[in-house]
Amino acid sequence: MNQYDAIVIGAGHNGLTNAAYLAKAGLEVLVVEKNDYIGGAAVSRELHEGWIYSSCSYVCSMMRQAIHRDLNLTKHGLLLVPYLGNVAFGDNGETLVGYTDEEANYNALRKISPHDADAMFRLHADLARYAQLIRKTLLRTPPDPTSFRPRDIDELLWLAKQFWGLGEKELYEYIRFFTMSAADYLEDYLENDLIKATMASAGIIGTALGVYSPGSAYILLHHVMGDVDGNIGAWGLARGGMGAISQSLAGALQESGGKIRLNAGVRKILVRNQKAVGVVLENGDELHANIVVSNLDAKRTFTQCMDEDDLPSGIFNKAKNFKIRGSSGKVNIALSGLPKFKGVPNNRYVNRGGQAFVGSLETMERAYDDWKHGCWSKDPFIESVIPSAWDPTVAPPGKHWMSNFVQYCPAELADGPWTPEKRNTFGQTIVDKIERYSPGFRELIVHMEVRTPHEIEAEVGLTEGNIFQGELTIDQLLFNRPFPGYAQYRMPIKNMYMCGSSTHPGGGVSSACGANAAREILMDLRLDNTVPDDDFYDE
Amino acid sequence: MGDSNTITVDPFEEERPKETHFHARMAVLNIRENWAAWNGYKLANYFYDAEYEYFCVRNGCGTYDICGMQKYFVSGKDAEAMLNRMVTRDISEMNVDRVTYLVWCTDEGRLIDDGTVFKLGHEHFMLTCGSPSLAWLEKSCYGFKDVSIVDMSERIAALALQGPTSCEVLKKMGLKDIDTLKPFGIKHFPFGASKDKPLMVSRTGFTGDLGYELWIKPELALEMWDSLYDAGEDYHIQPFGEAALNMARMEAGFIMPLMEFNEALKTIHFRHDHTPFQLSLDWLVDFKKPHFNGRAALLKEQHDGPEYTLVKLDIEGNKPAEECNVYSDKGCENEIGYVTSAMWSPVVKANIALAMVKTKYLKGEIWAEIYYNKELRSYTKVSRCTVKEKPFWTHPRSRATPPLPY
């Protein structure tokens with residue numbers, strides 16, 4: 001059979017979410033995936049026997065609980081386990097242990113800075129207030145501010161009401177917040193550099209910005225607005241790796257009769273008379289559908305899977321200029337034992353949490369300078385977590401693996417294309433840095449998977465290896481995502497939609513983009529909505 | 001300040017909670033110093049973080065101190081007949097080395113307590129339960145010649161090991177063929193220097209997942225703990241307290257005294273205790289066996305149907321419906337029952353509750369009026385409830401022998 005109600009391109013978590021909701025509404029849905037495994041960037045891969053890496057994304061906090069509950073992902077094998085604690089390492093070996101327990105955390109901060117220990121309460125309250133507002137928009141379609149349709153006007157009024165609800169002073173603060181740098185924002189609260197650097201690191205993850213670049217404050221918010229079971233700011237690991245999320249979504253999809261076809265990369269989206277009518281696969285197969293949904297990023301969708309002639313003028317250029325710069329790498333390391341870190345209490349809890357090799361604000365800014373000059377950071381910011389310390393299923397008993405997210409790493413190097421040698425040197429940079437804080441680390445290494453933006457683009461399909469499918473700056477957020485006028489998941493070609501992280505609310509394993517797109521598609525088809533409303537702890 | 005020769009007497013000694021046989025190890029791990037008490041013993045409410053410990057039970061494995069549980073040896077030629085007259089379930093078909101869950105009632109058919117019976121030999125049983133029951137047991141011996149009751153509560157150290165990796169840990173500890181032990185089975189193992197088999201393991205628990213309970217004499221308790229924790233190190237072993245246990249048992253749909261039921265012998269008002277039928281424990285009442293305590297009253301209850309029935313509710317939203325009433329209408333005018341336990345279930349991602357609802361309203365709409373607090377302000381929310389037939393959480397590995405891989 002090669003005729004479907006809907007074809008979704010890309011079996012990443014948003015594509016699977018989108019397909020699951022379309023299938024739930026009774027549509028015949030096919031998800032086509034270029035790899036011989038599903039998951040996109042939410043994937044678990046056994047690259048060395050006995051070790052299961054979350055090759056790309058490694059933790060989650062934005063996964064919409066309402067979707068998890070509604071699609072019964074637990075039944076399909078998903079167990080999200082929150083992990084506790086985090087240690088930040090400074091340039092000179094100083095450490096800051098973040099505890100889940102409020103009292104313990106206060107005492108730890110106080111040891112470094114009594115002022116900041118105190119100020120942290122105000123910072124968290126303010127961030128929580130901002131996050132509360134943004135969180136409400138995640139499972140909603142952004143309004144078109146230029147439209148006079150009642151639906152857009154209602155949604156704009158709703159949004160305005162939420163903003164006005166903050167009060168006049170907070171409104172000013174909020175607008176400032178969207179355009180500030182993470183470092184400048186934190187300046188108003190904190191005095192200690194390590195504490196500032198630790199907080200600011202959330203403002204650069206996945207983005208080609210430095211801690212002093214305007215716009216990084218919002219990214220910080222994007223990383224603290226999530227929650228696990230109502231614990232705001234908490235992060236969870238999926239038991240079995242991030243692929244468990246995709247697998248459970250696939251389970252929900254298949255339960256509703258949806259299908260997945262592997263090894264089915266899309267060469268072109270078929271357009272007839274300004275309407276999307278199907279796809280041509282790389283092997284030449286033509287598949288037809290009434291609806292085509294792209295879970296690929298905006299740049300890839302329009303510049304690689306479509307003919308410029310099929311598109312209205314301007315869109316092709318918008319896609320070409322879509323800001324999706326690669327800035328990060330990922331180094332997954334299988335270990336023969338649990339690494340020990342200098343200056344970290346050796347107890348059953350703390351040395352199992354996450355590690356943030358932040359150095360200082362200056363070190364992070366210099367790391368960004370390297371990227372601007374077309375090379376990877378010589379002294380990079382690394383955010384690490386040891387999933388095997390929390391999940392007994394991802395490494396053999398007593399063995400571990402460490403996920404290292406590295407910033408910065410450019411998609412294109414100044415001295416010519418990426419080569420396996422350069423990739424290895426990049427990997428060694430990371431090992432060297434960790435070794436500085438964990439003597440003997442190198443000896444524990446059993447296997448390594450080094451992923452630069454080059455590998456991430458080649459394997460996952462994310463342009464430039466950008467983890468968010470497009471940067472999360474104000475010019476590409478809300479009704480500007482991916483482009484102004486196209487933020488409601490409908491694309492300029494009739495019957496064509498987008499459902500990936502290039503759309504609102506952007507990157508992160510949230511399932512929100514896919515669900516929002518499904519709601520819009522069902523509305524166009526005049527079918528009953530199958531997508532649940534979001535559910536909040538702080539309402 | 002006395003010098004080192006002064007013998008100091010703790011004037012509060014008698015009042016302080018007793019320490020269990022595992023206390024020395026647990027005290028070190030109780031970072032938060034958060035202790036509750038159970039039958040006079042100190043018992044951790046949580047050690048580090050209640051939710052973390054709960055996740056250890058669902059993801060790796062955890063240990064729960066059950067020294068505070070009451071344990072009675074019931075022995076003699078008439079032991080089986082005596083127990084069979086006392087409890088509502090038929091235990092005459094039980095094999096040696098098997099365990100069964102059961103309840104016992106007053107003559108009025110009201111639930112006194114629930115517990116488990118271990119058949120340790122043809123004329124030798126162990127009864128375990130949450131509350132001291134010596135007086136009732138002795139009363140229940142009336143008319144039987146050859147039966148003796150010995151309170152073993154302080155003479156057996158017991159530890160529950162629960163969670164997906166629990167079988168692997170016991171294997172690593174050297175318990176041969178532990179994976180062939182079936183649910184509700186018992187096996188005896190050699191341990192330490194002892195020549196006999198001093199370690200008894202039952203495949204039982206209170207978390208709704210794979211799990212075991214370990215029984216040993218107090219002198220070997222700490223050695224067993226150490227051996228277990230050595231073996232468990234690579235399998236994510238963690239002690240858990242009452243808070244985590246309460247979460248896990250609610251997801252499994254298990255009842256707790258003072259939550260779901262008030263023990264009949266401690267109840268002042270006759271309408272405040274329960275029959276097994278009200279608690280949806282019909283399957284524990286066997287009218288085919290010879291006479292037992294409460295039989296006539298329970299027959300009548302079965303015929304008339306219970307006024308209230310304990311049900312599992314899935315509630316909209318995420319605000320736990322703790323201590324709230326339920327209604328048959330959204331306007332909350334017709335009250336039809338009350339919630340006994342409620343929580344947000346982190347693994348199922350559902351707002352769950354156990355509730356006593358008037359049986360005749362079970363087919364209709366059920367609404368919960370939920371109260372919650374936010375920064376000192378009190379809020380109310382009315383949420384729709386759906387009755388669930390199955391436990392909120394189960395896993396096939398908990399029934400499989402050998403258990404499925406973790």
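**Exercise 1. How far apart do the C-alpha centres of domain 1 of chain B and domain 2 of chain B lie?**

Step 1: get the bounds, which come from an automatic or database domain assignment. For chain B that gives domain 1 (23-69 + 155-252), domain 2 (70-151) and domain 3 (307-390).

Step 2: take the centres. Those of domain 1 and domain 2 of chain B are 25 Å apart.

Step 3: list the contacts, meaning heavy atoms within 4.5 Å. Here 19 residues of domain 1 of chain B touch 17 residues of domain 2 of chain B.

Before you go on, some housekeeping: this is a predicted model, where local features need pLDDT of at least 70 and side-chain atom pairs count only at pLDDT 80 or more, while totals for chains, interfaces and linings use all residues. Residues are numbered from 1 along each chain as its sequence is written, chains are lettered from A and ligands numbered from 1 in the order in which they are written, and side-chain values use heavy atoms, with hydrogens and water left out.

**Exercise 2. At what angle do the axes of helix α4 and helix α6 of chain A cross?**

Step 1: find the elements. Helices (H or I, at least four residues) and strands (E, at least two) are DSSP runs, numbered from the N terminus.

Step 2: For α4 (residues 114-137) and α6 (residues 168-179) of chain A, the axes come within 11 Å and cross at roughly 80°. So α4(A) is roughly perpendicular to α6(A); the cut-offs are under 35 degrees for roughly parallel, over 145 for roughly antiparallel, 65 to 115 for roughly perpendicular, and oblique for the rest.

Step 3: α4(A) brings Leu127(A), Arg129(A), Tyr130(A), Leu133(A) and Ile134(A), and α6(A) brings Glu170(A), Glu173(A), Tyr174(A), Phe177(A) and Phe178(A). That contact sorts into 7 nonpolar, no polar and 3 charged residues (Ala, Val, Leu, Ile, Met, Phe, Trp, Tyr, Cys and Pro count as nonpolar, Asp, Glu, Lys and Arg as charged, and the others, Gly among them, as polar).

**Exercise 3. Which residues of α4(A) and α5(A) meet?**

Step 1: do the geometry. The axes of α4(A) and helix α5 (residues 150-164) of chain A come within 10 Å and cross at roughly 170°, so α4(A) is roughly antiparallel to α5(A).

Step 2: read off the contact. Leu133(A), Lys136(A) and Thr137(A) of α4(A) meet Trp158(A), Leu159(A), Gln162(A) and Phe163(A) of α5(A). The tally is 4 nonpolar, 2 polar and 1 charged.

**Exercise 4. How many cavities of 30 Å³ or more does a search of the whole structure find?**

Step 1: set up the search. On a 1 Å grid over the protein atoms alone, a cavity is a set of points where a 1.4 Å probe fits but cannot get out, and lining residues have an atom within 4 Å of a point. Points are joined across faces, edges and corners, and a volume is the space filled by probe spheres set on them.

Step 2: count. The search gives 6 cavities of 30 Å³ or more.

Step 3: look into the largest cavity, with about 170 Å³ of space. It has 19 lining residues, and Met63(A), Gln65(A), Asp227(A), Val228(A) and Asp229(A) are the closest to its centre. The lining comprises 7 nonpolar, 4 polar and 8 charged residues.

**Exercise 5. Where is Tyr408(A) found?**

Step 1: locate Tyr408(A) in the loop between β18 (400-407) and α14 (420-437) of chain A.

Step 2: check omega. The peptide bond from Gln407(A) to Tyr408(A) is cis, with omega near 15°.

Terms used
Axes are lines fitted to C-alpha atoms, for helices over the stretch in contact, and angles run from 0 to 180 degrees between N-to-C directions. On a 1 Å grid over the protein atoms alone, a cavity is a set of points where a 1.4 Å probe fits but cannot get out, and a pocket is an open set with protein on both sides within 12 Å along at least five of seven lines; lining residues have an atom within 4 Å of a point.
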